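Dear colleague,

Please find the structure below, handed over for your own work. A short account of the findings comes after it.

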Amino acid sequence: MQENLSSTEKIKTASDGLRGTIQESLQDELTGAIREDDQSVIKFHGIYQQDDRDRREERAEKKLERLFSFMIRLRLPGGFLTSDQWIAAHNIAGENSTGVIKITTRQTIQLHGLYKSKLKPTIKEFNKAHLDSIATCGDINRNVMCTAHPKQSAIHEEIFSYADKISRMLMPKTRAYYEIWLDEEKILDKKDEEDPLYQDRYMPRKFKIGIAIPPNNDVDVFTNDIGLVAMIDNNKLLGFNIAIGGGLSTTHGNAQTYARLGTVIGFTDTEEKTLKAIYEILTVQRDFGDRSDRKIARLKYTVDRLGVATFKEEVEKRLDFKLGEARPFAFNARTDYYGWYQNDSRQWYYTPFVENGRILDDEQVALKSALLTIAKTGKVNFRFTGNQNIIISDVAPEDKDLVNSILHEFKIIDHTDRATAIRKNSMACVALPTCPLALAEAQRYMPSLLTQIELLLKKNELSDEDIIIRMTGCPNGCARSYNAEIGFVGTAMGKYNLHLGGDHEGLRLNRIYKESLDEAAILYELDNWFSLFKNERNENERFGDYSFRKLFKQIN
Amino acid sequence: MLAEQKLKVFLGLISDSSNDEIIWMNGYLNGIVSKQNTHQAPGVAKNGVNKITIAYGTETGNSKKLATEFAAKAKKRGIHARVQSMDQYRLNDLTKEEYFLAVISTHGDGEPPAAAKKFYEHVHQNGFKLDKLKYSVLALGDTSYPLFCKAGEDVDEQLTKLGGKRFYPIQKCDVDFSTEAEQWFDEICKALSDNAEVPSVVNPKIIAKKSSGKKIHTGKLIAHINLNDRGSNKETYHIEIDAEDVTYQPGDSIGIVPENNLVLVEEIISRTGIDETTNVDYKDELVSLYTLLHKNLNITYLPERVVRQYAAIVEQDVVIQRIDLLDLLKIYPVKDPNQFTEVVKILEPTAPRLYSIASSPEAHPDEIHITIAKNSFIINNKIEYGLASAFLSHFDVDKPLQFYVHPNNQFRLPEEDKNIIMIGPGTGIAPFRSFIAERDATGASGKNWLFFGEQHFITDFLYQSEIQNWFDTGVLTKVSTAFSRDQPEKIYVQDKMLQHGKEFFEWLHTGSYVYVCGTKDPMSIDVEQTLLQIIEQFGERSKEDAEKYLDDLKENGRYIKDVY
């Protein structure tokens, strides 16, 4: 259909079921990198090649190649680990990577800084703990998200199980992962891994699915290619509203690209119908998505190009039923429940504050040691949230005191209670030095910027105000900065576009307010805005709604 | 020899010329002859340009990939292309370039890649002229950015401003660059062979001056880099010396007389109370005392024979053992400055240290590179550094350094079509860097297999980026590395030889030369044992026959060691 395929498309179809020449690349003694084409293929195995950009110049002078290392991201539908799995991840991180466990914005964890020789041992160890990294990157369905906190609904478990069902349904059929990393014998008959969904070309671009349980939109459901909104009546799951075409990544200077929130196209009332609908939305995108220009390849562009109605028609043509009419729903928050909470079946949950999702022992708090100690009791599970936090989960009432005493001992409770509202509502992506896309700092810079912003909020008596604030080092939007009340998008070292006017619930994107501001300019602007907000806000008006009213409402 | 007509002109010319003119002509002809002799590399285009430089500035690797592809292509056409990343490129070389291709991408707001920043800034400066330069630019970019290919355009413009001649117009490419880039290079190749210039007149100065004995050269240090990365247990320095008109061959070493630590020298002077400007008659030469102590004489760890003579001069009961001069002076002081003058006369000259040259006269003209490890050893529970390596590892760039060339006629490259195996762990890599660069620059057709080893891949892979380039362009046929401490069991070069034993023996048996450079014990011993094992095992020979086989190799100059 499309003749001018992008180079990545050619790599995918020529990859022999995502094998590429990864084996040869791993054996290359000359370089810590893998071959160029394999860098595209290996993403489908949940691995990115990166290099320490801080070290490029110095290493070049020393006639050494770039300091290549790899990031590996696990597949954890809905973000769940047992305590044994947490202990395994803790040990693997210490032995093979930088030691930091990073909770992502999609409810999973990733490790950074693995040298090439450590990749295979790492995957083998994860496999022993029944964990894999299949399809967590690349042009394929990524980690499936689901509202994290079990207190959100009495039937949380039932809805949460959809994340796993969807993930399984959309896994690639190739055995490449097992052959390359786990020494499984090569399959002889390639028919055994024929893939009716992905064929040999996979998706045109990454594909993201999330499930939200109203009224909490903690997963930013409308930023996904497919968003499912659970409809519950009287503790009974009625079904899901289905939204399509969300996605935040853009490219600076490319007017064809834009952030978009999902459009609700209908409702499904049974598991079978829901899964089928999801499957066929993927096949329509597979067949109609742009495969010549990766910058406009995501579902959102396909939906807008075909038109929502046409797209829906095409999906229904492939189903043996029509989608039902969407049900009414409302969100009022996008929050994690910090501290202790109980769910309907009286299990306890503690959410500590994890700045930017980085779990390590630093000078402020020994969070990593605390979590290990708690995991070793064997009395908890761990869940991850879309806001880069961890929930110490499923604690029986009789074990709560034990866990609580460990939290006290490591000063985790104190640390969480002391964190300000703005910090608890903040997110930042990885950015420098490892992310190849980063134009500016993010997680290394956000904490110190927040310290400045905290002072401004205090000055304006707004310290307790929940304002969602997010930073990304490039316009790709991993930390969903376009869907924040205050968004920073890096444009160059030390420079950020300031976005304002997004709502608190995740139903309205923000817009660029000023471009390429340095820190002084950011603080100057925010100080002004906070003081105006304090004086002019309506009762209970959120900061995002206020700035939207002031800036954009008239021109809308 | 000459046809009658030519002979007539020739003789006429001679009879018309003065004595000086005839001498000049003689030199000129010699120059032409010697130049022709050094250009025997086969496959070289006879009439076109046969040497170009391709410099790339890359962020994502595209420019690099193109540059290496171009070089491989050029090689097939008999054009030798030197490929270099702009961050590795020595900016001063630009004034010496003749045919120069720049492949450079553009990022963000019209900016060059980080790796090309210095180059980019350099061409934006004034104060130098590129009148020899003939160039063309391939610019990579992305049309979705407003300043498409800006960095390439800037470089193109600046090179003209600096006096360079654009022999082929700039080609700008969008993200799907491959077709346009290829066309551009094909056109370049065409232009290079069409525009075949008459070889420029050979400069009479080229006639090699035979140095008599040990000629001491003075060269400025122009680069001084610790090749090991942060966190390494090693410190290995790559040192570049500006060495115009110094003749050497790959395989040679240079000798350097290390200077003594100035703090030490000054303490000796103040302790003895002598006037440092005093001239001392040292071996029939009047030299200032300061110079002698600083530059010429060994004052540390004196041998017993010198200590004995010291005892005789000071007429004290000195314990005869190796000791530093300063310690001697502290324990058994001299009577007065005059007595110290006598002591100076019995001191011995500092022994020069020899370092294998790591550069190639063809690839790095007017320069000499060496690779030195900062040696540390423990004496009396104190960490001491080797005098020369400590001296050099602290040496400042731009300071003059004295050295001489120490020829090593054993350790020579074979004929250009012979295959070679180089085993050079640690600083043993030095002469092989010279070999490979030389073979690269001359377009030698023999295959080259390098064995390298160190402690850690990440921090200790000496000259990694150069080795990668040579592998990518095909100069290095095979590279085998052993990093001993990257896994639980230690792996050394000899283990890698054995791992590739079958192929190793095939190379040997088809006439390859084997070179070993590095530490004598245990490396070269282990390597030799393994060599025997390979001959025995893969050559299917008895132990005695294997030894005989190796002896024959030595006899025929096909197994050569430079170990220390």
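This is a predicted model: local features need pLDDT of at least 70, side-chain atom pairs count only at pLDDT 80 or more; totals for chains, interfaces and linings use all residues.

Residues are numbered from 1 along each chain as its sequence is written, while chains are lettered from A and ligands numbered from 1 in the order in which they are written.

Parallel sheet of chain B

Five strands of chain B form an open sheet with parallel pairing, in the order β19-β18-β17-β20-β21. Strands here are DSSP runs of E with at least two residues, and helices are runs of H or I with at least four, numbered from the N terminus; two strands pair if DSSP finds at least two bridges between them. At the edges stand β19 (478-483) and β21 (559-563) of chain B, each pairing on one side only. From one strand to the next, the twist averages 10°, where axes are lines fitted to C-alpha atoms and angles run from 0 to 180 degrees between N-to-C directions. Four bridges link β17 (residues 420-423) and β18 (residues 448-454) of chain B in the parallel sense, and Ile420(B) stands opposite Asn448(B) in β18(B).

Antiparallel sheet of chain B

An open sheet of six strands in chain B has antiparallel pairing and the order β12-β9-β16-β7-β8-β13. Its edge strands, β12 (353-356) and β13 (367-373) of chain B, each have a single partner strand, so one side of each is left without a neighbour in the sheet. The twist in this sheet averages 40° from one strand to the next. Strand β8 (residues 236-242) of chain B runs antiparallel to β13(B), joined by seven bridges; Ile241(B) has Ile368(B) in β13(B) as its bridge partner.

Contact between the chains

Chain B places 28 residues in contact with 21 residues of chain A, contact meaning that C-beta atoms, placed from the backbone, lie within 7 Å. The elements of chain B that give two or more residues to this side are β7 (217-226), α14 (457-460), α15 (464-472) and β19. Of these, α15(B) gives the most, with six residues.

A residue of chain A

Asn96(A) belongs to helix α5 (residues 83-96) of chain A. Why does Asn96(A) count as buried? Asn96(A) is buried because 21 other C-beta atoms lie within 10 Å, the cut-off being 20 or more. Not counting residues up to four places away in sequence, Asn96(A) touches Leu114(A), Lys118(A), Pro121(A) and Thr122(A).

With kind regards

Definitions and conventions: Two residues are in contact if their C-beta atoms, placed from the backbone, lie within 7 Å. A residue is buried if 20 or more other C-beta atoms lie within 10 Å of its own, exposed if 12 or fewer, and partly exposed in between; C-beta atoms are placed from the backbone.
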